[in-house]
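Dear colleague,

I am passing on the structure we spoke about, and my notes on it follow below. Please look through the model before reading on.

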Amino acid sequence: MRIKAVPAIVAAALVISLVPGAPALARAITVVAFGDSLMAGYELPPGAAFPVKLEAALRSQGRDVAIANAAVSGDTTSGGLARLDWSVPDGTDAVLLELGGNDALRGISPGQTRANLEAMIARLKERGIAVMLVGMLAPPNMGDAYADAFDAIYPDLAAEHDLVFYPFFLDGVAAVEGLGLGDGIHPNAQGVDVMVERFLPYADMLLERVKQDASD
């Protein structure tokens, strides 16, 4: 009896499956961008939002990743905590947690902001979801005492919970002429490009952590 030739791609798959210790076929790492208008892409075309451009940049580097934009303009840490469970679906590998800027603009107690962020971090970790904490800084008009308390929230929580940490989401863009919208707060499309470029090494660290956690 003559055996028919097996197509090359099928044969390769059979060989891999028979090799002891061969890794399973990889799937895309799923990430949820969970934040406020800075993350959502306020007044920008859909394709210019930070999560879209970050995904494109990572894919151009060969990363198999899918980033969902679950950011809501105007959201506070209280609002984020209230919607966290249904905004981050089962099967999510990692979350970019970027909230607190609106808390500072509204003068919400830094203690409350910290408690809300810590509660979100705890819930995500309980579900086995890796977290990158994206830091913010208080606006200058809030005064030194408020800024000292608020600005310390993010590095403290990142260290306490061993998180990948990006210190300031608007790094390289805040107060830089030509990179923001007319409101003086939100980035324009060119500003988002700068943010993505600076964010990429930290996103790489997060994806590597997800891969490491999956192999443990």
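Please bear in mind that this is a predicted model. I begin with a polar contact of 3.2 Å, which joins the side chain of Arg-63 to that of Asp-204. Arg-63 lies in the loop between helix 3 (50-60) and strand 2 (65-69), and because its relative accessible area is 18%, under the 20% limit, Arg-63 counts as buried. Leaving out residues up to four places away in sequence, Arg-63 touches Leu-58, Leu-207, Glu-208 and Lys-211 as well as Asp-204.

Turning to the nonpolar core, the largest one has 64 residues, and those touching the most other members are Phe-34, Phe-50, Leu-54, Leu-96, Leu-97, Phe-169 and Phe-199. Helix 9 (residues 189-215) contributes the most to this core, with nine residues. Leu-97, if its neighbours within four places in sequence are set aside, is in contact with Phe-34, Leu-117, Met-120, Ile-121, Val-131, Met-132, Leu-133 and Val-134.

The last point concerns a pair of helices. The axes of helix 6 (residues 110-126) and helix 8 (residues 153-161) come within 11 Å of each other and cross at roughly 30°, and since angles under 35 degrees count as roughly parallel, helix 6 is described as roughly parallel to helix 8. The crossing of helix 6 past helix 8 is right-handed. Where the two meet, the residues of helix 6 include Leu-117 and Ile-121, while those of helix 8 include Ile-153, Tyr-154 and Leu-157; Leu-117 and Ile-121 are also among the contacts of Leu-97.

Best regards

How values were computed: Residues are numbered from 1 along each chain as its sequence is written. This is a predicted model: local features need pLDDT of at least 70, side-chain atom pairs count only at pLDDT 80 or more; totals for chains, interfaces and linings use all residues. Side-chain values use heavy atoms; hydrogens and water are left out. A nonpolar core is a set of buried Ala, Val, Leu, Ile, Met, Phe, Trp, Tyr and Cys residues joined through side-chain atoms within 4.5 Å. Buried means under 20% relative accessible area, exposed over 50%, partly exposed in between (1.4 Å probe, protein chains only). Helices (H or I, at least four residues) and strands (E, at least two) are DSSP runs, numbered from the N terminus. Contact means heavy atoms within 4.5 Å. A polar contact is a pair of N or O atoms within 3.5 Å; within protein, one must be able to donate a hydrogen and the other to accept it, and residues adjacent in sequence count only if both atoms are side-chain atoms. Axes are lines fitted to C-alpha atoms, for helices over the stretch in contact, and angles run from 0 to 180 degrees between N-to-C directions. Angles under 35 degrees count as roughly parallel, over 145 as roughly antiparallel, 65 to 115 as roughly perpendicular and the rest as oblique. A crossing is left-handed if the near helix is turned anticlockwise from the far one by less than a right angle, and right-handed if clockwise.
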